Amino acid sequence: MGALVPLTRPGWAEAGRHLLAGLELAVREVNDAGGILGRPLELVVRDTAADPQRAAAVDELAGLGVAALAGEYHSVVARAAAARADALGLPFLCSSAVLDELTEQPTHWVARLAPAQSHGWRIYADFLLGAGHSRIAVAAQPSVYWASGTRILRDHLAPHGGTVIELDMSALTPAALCDELVDHRATALLLLVGHPEPAVPIVESVRHDPRLAEILIGAPAGQPEFAEWAALLGADGAAIPFLRYLPEQLGPLGARVGAALRERLGEAPSFVAFEGYDTVAVLADVLRSSGADRARTAESWPHVAVEGTRGRIRFSRTPGISVWQWTWTPVQVADRDPAEPDRFRILHTG
């Protein structure tokens with residue numbers, strides 16, 4: 001099985017480490033249980049470093065004879081990988097990337113576990129409305145992913161009287177951003193930017209500007225989920241709502257896997273680690289019936305019924321989404337508790 005994972009900068013290496021931990025744990029459990037049709041499952045990992053050009057690894061992995069492709073966290077890389085997988089006839093189960101248009105045309109070769117961005121970010125927009133926010137600034141960098149998120153927020157908020165104010169972080173310093181927030185009378189600021197730069201300096205500037213003491217900072221892409229966020233920002237990184245894809249309570253499988261992931265990582269596992277585990281659980285189930293036949297594997301997506309760590313996984317065709325999609329993984333809006341930054345509070349579910 002080929003695996004695409006961001007393990008070095010400028011990729012989000014911490015997310016990649018969690019994704020890989022989930023993939024590796026599940027592979028170990030599959031092999032401890034006898035492997036696939038009596039043969040051990042081998043994970044062939046390639047580092048993408050958030051670079052779409054590194055999706056060329058899909059061609060290499062296909063040439064090595066992998067039965068299927070798994071993983072990836074960054075949407076821009078996953079989109080490039082999905083295009084190559086589709087062209088090569090290689091089954092690809094995308095673990096974490098959420099961009100709706102993962103492929104330009106509908107394909108039967110690609111399936112996805114993570115919820116589509118339009119689904120999760122609408123839930124986040126509902127949270128903002130429920131919290132009384134109607135003037136929402138987005139500090140954004142140029143990216144198809146951030147542009148898509150901005151569009152989803154604007155389209156969902158506008159019918160409810162919400163306004164989205166776009167602030168281009170390629171032209172603003174964190175200090176200048178604070179002035180813009182004051183001038184626009186924004187009540188919420190969403191971080192649609194890279195981590196740790198410029199997200200961390202932005203948070204520090206806003207938190208320490210007395211004019212913005214009441215503003216909500218949000219991070220729908222999930223930056224505060226990871227320990228590095230708390231380590232870099234301390235108390236400043238708390239009370240920043242973000243999206244995560246976990247149920248309110250894990251079932252027996254999720255609790256067992258969570259404990260094993262915690263031991264493997266040396267810290268609490270993020271939802272990304274669970275996505276990695278579930279990816280292998282699904283592919284192992286499919287490969288047991290299809291063997292190494294790629295066409296049969298791709299034909300199996302609509303017949304999947306696997307108990308994952310966060311619920312029963314089935315794939316379907318969803319309007320506006322070009323790949324087989326799990327509809328839907330549980331979605332939470334959560335934040336780090338200011339009184340105890342290592343503890344998460346669930347603020348909204350969808």
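Is S290 buried or exposed? Some notes on that and on the rest of the chain follow.

1. To settle the opening point: S290 has a relative accessibility of 5%, so it counts as buried, the cut-off being under 20%. The residue is part of helix α10. Once neighbours within four places in sequence are set aside, S290 has R296 and T297 as its contacts. Keep in mind throughout that this is a predicted model.

2. Now the overall picture. The protein chain holds eleven helices and 16 strands. Its radius of gyration is 20 Å, close to the 20 Å the globule rule gives for 350 residues, so the chain is as compact as a globular protein of that length. The C-alpha trace spans about 65 × 40 × 35 Å along the principal axes. Of the 350 residues, 57% are buried. If you take the contacts with a separation of 6 or more, 69% of them join residues 24 or more positions apart.

3. The helix pair I'd look at is α1 (residues 13-32) with α10 (residues 271-290): their axes come within 7 Å and cross at roughly 35°. The crossing is right-handed. On the α1 side the contact includes A15, L19, L23, A26 and V30, and on the α10 side V272, G276, Y277, V280, A284 and R288 are among the residues involved. Sorted by class, this contact has twelve nonpolar, four polar and two charged residues.

4. A284 is worth a click while you are on α10, the helix where it lies. With 1% relative accessibility, A284 counts as buried. Leaving out neighbours within four places in sequence, A284 touches V30 and I36. A284 and L37 are 247 residues apart in sequence, yet their C-alpha atoms are 10.0 Å apart in space.

5. In soluble globular proteins, nonpolar side chains tend to be buried together. Here the largest nonpolar core has 97 residues, and L23, V282, W301 and F315 have the most contacts inside it. The element that gives the most to this core is α10, with eleven residues. W301 touches P91, F92, L93, H108, W109, V110, A111, L283, F315 and W324, residues up to four places away in sequence not being counted. A separate core has 24 residues, including L167, L191, V203 and I217.

6. Most residues other than glycine have a negative phi, and most peptide bonds are trans. Two cis bonds deserve a look. R9 and P10 are joined by a cis peptide bond, with omega about 5°, and P10 sits in the loop between β1 (2-5) and α1. The bond between H195 and P196 is also cis, again with omega about 5°; P196 is in the loop between β8 (188-192) and α7 (199-207).

7. L37 is exposed, as its relative accessible area is 59%. A239, in the loop between α8 (227-233) and β10 (242-244), has a positive phi too, near 55°, and is not a glycine either. At 25% relative accessibility, A239 counts as partly exposed.

Key. Residues numbered from 1 in each chain as written. Predicted model: local features only at pLDDT ≥ 70, side-chain atom pairs only at ≥ 80, totals over all residues. Heavy atoms only, no water. Axes fitted to C-alpha atoms, helices over the stretch in contact; angles between N-to-C directions. Helix = DSSP H or I, 4+ residues; strand = E, 2+ residues; numbered from the N terminus. Left-handed = near helix turned anticlockwise from the far one by under 90°. Contact = heavy atoms within 4.5 Å. Nonpolar A, V, L, I, M, F, W, Y, C, P; charged D, E, K, R; others polar. Core = buried A, V, L, I, M, F, W, Y, C linked by side-chain atoms within 4.5 Å. Buried < 20%, exposed > 50% of the residue type's maximum accessible area, 1.4 Å probe, protein only. Rg over C-alpha atoms; globule rule 2.2 N^0.38 Å.
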